[in-house]
Amino acid sequence: MENHSLLMKFGTKAIHAGIEPDPSTGAIMTPIFQTSTYVQKSPGDHQGYEYSRTQNPTRKALENNLAALENGKHGLCFSSGMAAIDAVLKLLKPGDEVISTNDLYGGTYRIFTKIFSNYGIRFHFVNMEDMEQVKPLINKNTRLIWAETPTNPMMNIIDIKALAAIAKNHGILFGVDNTFATPFLQNPLDQGADLVMHSVTKYLAGHSDVIMGALVVKDSQLAEKLAFIQNSCGGVPGPQDCFLVLRGIKTLHLRMERHSQNGKTIAAYLKNHPKIDNVYWPGFEDHPNHATAKRQMRDFGGMVSFTLKNNRIADAIKVLESFKVFVLAESLGGVESLCGHPATMTHASIPKEEREKVGLSDSLIRLSVGIEDAEDLKNDIAQALDTI
């Protein structure tokens with residue numbers, strides 16, 4: 001199946017790539033191998049599996065499936081998106097430097113600045129919408145360039161091909177957090193990235209019932225190093241969660257089409273509302289770097305952020321408390337619509353002055369537009385905004 005997956009269209013890959021019927025029973029769904037260890041006939045004589053931290057058949061099926069979806073060769077699953085990022089950073093040594101985007105998920109910013117900076121790794125945060133701002137930060141110690149696109153929560157678009165060219169020119173590892181776009185909308189490896197990271201928790205699993213992370217790479221040596229870290233440090237997911245994600249991915253293409261369709265409807269509605277100041281959604285022609293988004297993405301997704309006129313935090317809280325269909329909760333990417341307040345929730349670990357530099361103001365509300373009926377979502381927003 002793996003060889004054929006290159007020829008498959010995305011919807012077929014989502015359902016079939018890397019997945020084989022169970023040879024012992026013919027079960028069409030990958031079994032949940034809920035086992036910690038595997039019987040050996042003689043020391044070292046086993047069937048490819050020794051211990052479930054190192055490898056597990058349910059996890060392996062998911063890793064193969066994710067590799068195929070991102071057009072990579074090797075997939076590695078972790079207990080969370082942060083555990084996946086942690087593994088990437090463990091490729092580095094004291095004295096190494098990292099260049100990252102200045103509009104970044106709060107958890108990534110926190111692990112960079114509060115954990116790994118303690119081990120002699122230096123981090124630079126820069127506006128990656130402009131490549132000329134990246135180049136001066138590169139020096140002989142630069143080992144990793146880390147980007148999100150679209151960024152969280154400002155939906156900034158970073159040119160993956162241009163950044164990949166800079167990284168390659170200097171022999172620097174280049175990783176892309178592809179959580180918001182998913183492999184359905186965007187494939188960073190095809191555009192020159194060395195490594196793709198997903199918070200699988202979000203759109204890939206898609207049903208708000210799993211915490212998981214993943215890395216996908218093409219290079220076998222890099223995969224070997226990451227697999228060594230994965231096994232040595234042990235931040236792996238269990239087989240039940242891997243089963244749920246395999247199940248979720250089977251409808252990824254259908255869900256992403258609806259997320260994108262609803263995202264477009266909601267973004268347009270917000271843009272024309274008298275109480276809204278700015279709307280951030282990459283599909284607008286006047287969105288910064290829209291042309292890049294159009295080139296590197298197949299559609300624009302279901303993540304939308306907006307600010308209120310007068311920019312009052314009290315108004316934002318009132319709106320968030322008044323939603324009835326949108327649910328106020330951390331996270332994103334589930335079938336249900338979620339809303340959040342980045343300044344006090346997902347990005348609270350980023351200092352206020354740093355948040356405001358990138359436009360993350362106190363009244364900014366981030367929507368993860370679900371797959372409900374768009375009319376109901378519009379009505380919900382209307383009634384919530386009527387409260388201010």
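Which residue of strand 7 does His 74 stand opposite? Let's start there and walk through the structure. One thing before we go on: this is a predicted model, so keep that in mind for everything I say.

Okay, the answer is Val 217. That residue belongs to strand 7, which covers residues 213-217 and pairs with strand 1 in the antiparallel sense, over five bridges. Strand 1 itself is residues 74-78, and four of its five residues are buried, so the rest of the structure largely encloses that strand.

If you want to find them on screen, the buried ones include Gly 81, Ile 85, Asp 86 and Leu 89.

How many strands does it have, and in what order? There are five, running 8-9-12-11-10, and the pairing is mixed. At the edges sit strand 8, residues 276-280, and strand 10, residues 327-328, each of them pairing on one side only. The partner of strand 10 is strand 11, residues 338-340; those two run in the parallel sense and share two bridges. Look there and you'll see Val 327 standing opposite Leu 338 of strand 11.

Now some helix packing. Helix 11, residues 252-271, packs against helix 15, residues 374-385, with the axes 10 Å apart and an angle of about 30° between them. Because angles under 35 degrees count that way, helix 11 is roughly parallel to helix 15. As for handedness, the crossing of helix 11 and helix 15 is right-handed. Which residues meet there? From helix 11 you get Asn 262, Thr 265, Ile 266, Tyr 269 and Leu 270, and from helix 15 they meet Ala 374, Leu 377, Lys 378, Ile 381 and Ala 382.

On to the cysteines. The cut-off here is 2.5 Å between sulfurs. So take Cys 233: the closest cysteine sulfur is the one in Cys 77, and at 16 Å that is too far for a bond. Cys 242 also has Cys 77 as its closest cysteine by sulfur, at 5.4 Å, and that is too far for a bond as well.

Is Ala 293 buried or exposed? Buried, with 0% relative accessibility. You'll find Ala 293 in helix 12, residues 290-296. If we leave aside its neighbours within four places in sequence, Ala 293 is in contact with Ile 157, Pro 282 and Phe 300. From Ala 293 to Gly 283, 10 residues apart in sequence, it's 7.7 Å in space, C-alpha to C-alpha.

Then there's Lys 140, which sits in the loop between helix 6 (131-134) and strand 4 (142-148). Lys 140 counts as exposed, at 71% relative accessibility. The C-alpha atoms of Lys 140 and Gly 171 are separated by 9.9 Å, with the two residues 31 apart along the chain.

That's my tour, thanks everyone.

Key
Residues numbered from 1 in each chain as written. Predicted model: local features only at pLDDT ≥ 70, side-chain atom pairs only at ≥ 80, totals over all residues. Heavy atoms only, no water. Pairing = 2+ DSSP bridges. Buried < 20%, exposed > 50% of the residue type's maximum accessible area, 1.4 Å probe, protein only. Contact = heavy atoms within 4.5 Å. Axes fitted to C-alpha atoms, helices over the stretch in contact; angles between N-to-C directions. Parallel < 35°, antiparallel > 145°, perpendicular 65-115°, else oblique. Left-handed = near helix turned anticlockwise from the far one by under 90°.
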